[in-house]
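Reader: Could you help me read this model? I'd like to go through some helix packing.

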Amino acid sequence: MDAAKEKKVKVKKSSKNSMKVEFEGQLSTWERFKIKVLSLTFWKDILLKICLYVFLIGIAYIVIYPFISKVSSSFMSADDFVDATVLYIPKNPTLDTYKAIITDNDYFTALLNTFILSFSTAIIQMFITCLVGYGFAKFKFRGNGLLFLFVILTMIVPNETLHLAMFMKFRYFDIGFEFGEGIKIGLFNLLGGGVFEWLDILDFTSVQLTNTYWPFIILSICGVGFKNGLYIFLFRQFFRGVPDELEESAYIDGAGTFKTFLRVILPLSTAMLVTVFVFAFSWQWTDNYYVNVFFTTSGPYTLKDIITVPSSLDTSYAGENMYVAAIRNTCGILIMMPLVIMYAFLQKYLVQGIERSGIVG
């Protein structure tokens with residue numbers, strides 16, 4: 001009976017549609033146009049689209065306007081900042097600001113240093129957090145939940161609470177051993193007071209790792225680098241969605257744990273690996289906190305050191321404040337530009353990785 005009723009309904013709908021087509025076919029083009037335009041549904045759709053486009057244009061303006069104004073001011077000459085007729089388009093466009101920043105502030109040296117630091121830490125963090133996240137997702141052991149809680153705490157605890165401890169650890173770096181009754185002996189202290197002193201080769205009690213890349217490398221290798229808690233969480237969520245049957249098939253074929261991880265799991269994780277690499281590279285590229293902690297002397301160590309007014313630019317005139325602000329904005333543009341280029345090529349993998357991590361709906 002139900003099938004017969006559904007068939008009758010379909011016949012009625014098809015007959016109504018055919019009657020509607022035949023009726024519209026008998027009308028002229030102008031009459032069909034008037035019927036469509038004068039309908040309430042048509043104007044509702046038009047009003048909704050207008051509201052949607054106005055909203056999107058407003059959001060785009062709010063987001064893009066600061067960037068456009070900074071790019072425009074970077075090409076302005078010193079006279080344009082005191083000219084009341086100049087608003088967004090420079091009257092005397094020039095590249096003097098870019099040239100001064102590149103030459104006087106050692107831009108390319110800072111760029112190379114920042115690239116080496118960001119690339120090396122991003123590669124290490126990508127593989128270390130991938131391995132840790134895989135362990136949390138696929139291996140059941142006692143204390144799994146407690147250890148993962150500590151990982152979440154690294155995302156919650158403010159970095160400022162560890163500022164002094166991290167600085168002192170790498171300023172006087174030593175691998176310590178603790179015995180009973182609070183007795184502590186450092187490895188470098190032991191060697192410095194023993195073998196090296198006896199050989200008269202070197203006398204030291206600790207190693208100073210500040211003003212080098214080693215603090216960043218060591219933290220990344222240990223899985224406690226910048227934002228590593230977030231990366232571990234992303235990989236854990238991703239690997240929980242990988243079917244266990246893939247690993248079981250590899251185990252049946254005779255593959256071990258690490259071989260399965262390298263041959264089966266990693267090839268499936270390309271999008272997630274690229275996502276974490278982009279995050280790690282970008283955040284290390286723009287990091288100021290850890291860089292200020294571990295680099296204590298002056299020098300073009302990273303791109304943060306170029307955010308100064310070049311000595312060749314004369315800012316002592318009526319528009320000094322606006323001119324100095326434009327110079328600093330130009331420094332920001334030069335810092336940000338490599339990230340924009342990288343994102344243009346990797347945005348497809350970035351979106352795929354975020355979707356597959358299970359964070360978004």
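This is a predicted model: local features need pLDDT of at least 70, side-chain atom pairs count only at pLDDT 80 or more; totals for chains, interfaces and linings use all residues.

Reader: OK, at what angle do α12 and α13 pack?

Author: Helix α12, residues 244-252, packs against helix α13, residues 257-268, at an angle of about 140°, and their axes are 10 Å apart. That angle makes α12 oblique to α13.

Reader: Is the crossing right-handed or left-handed?

Author: α12 crosses α13 in a right-handed way.

Reader: Which residues meet there?

Author: From α12 there are L246, E247, A250 and Y251, and they meet T257, T260, V264, I265 and L268 of α13. By class, this contact has six nonpolar, two polar and one charged residues.

Reader: And how do α5 and α13 pack?

Author: Helix α5, residues 107-138, packs with α13 at about 105°, with the axes 12 Å apart. Angles of 65 to 115 degrees count as roughly perpendicular, so α5 and α13 are roughly perpendicular to each other.

Reader: Which residues make that contact?

Author: C130, L131 and Y134 come from α5, while F258, F261, I265 and L266 come from α13. The contact of α5 with α13 has seven nonpolar residues, no polar and no charged.

Reader: New topic. Where is Q284 found?

Author: Q284 sits in helix α14, residues 270-285.

Reader: Buried or exposed?

Author: Q284 is buried, because its relative accessible area is 5% and the cut-off for buried is under 20%.

Reader: What is Q284 in contact with?

Author: Leaving aside neighbours within four places in sequence, Q284 is in contact with L117, S118, T121, F216, F226 and V291.

Note on methods: Residues are numbered from 1 along each chain as its sequence is written. Side-chain values use heavy atoms; hydrogens and water are left out. Axes are lines fitted to C-alpha atoms, for helices over the stretch in contact, and angles run from 0 to 180 degrees between N-to-C directions. Helices (H or I, at least four residues) and strands (E, at least two) are DSSP runs, numbered from the N terminus. Angles under 35 degrees count as roughly parallel, over 145 as roughly antiparallel, 65 to 115 as roughly perpendicular and the rest as oblique. A crossing is left-handed if the near helix is turned anticlockwise from the far one by less than a right angle, and right-handed if clockwise. Contact means heavy atoms within 4.5 Å. Ala, Val, Leu, Ile, Met, Phe, Trp, Tyr, Cys and Pro count as nonpolar, Asp, Glu, Lys and Arg as charged, and the others, Gly among them, as polar. Buried means under 20% relative accessible area, exposed over 50%, partly exposed in between (1.4 Å probe, protein chains only).
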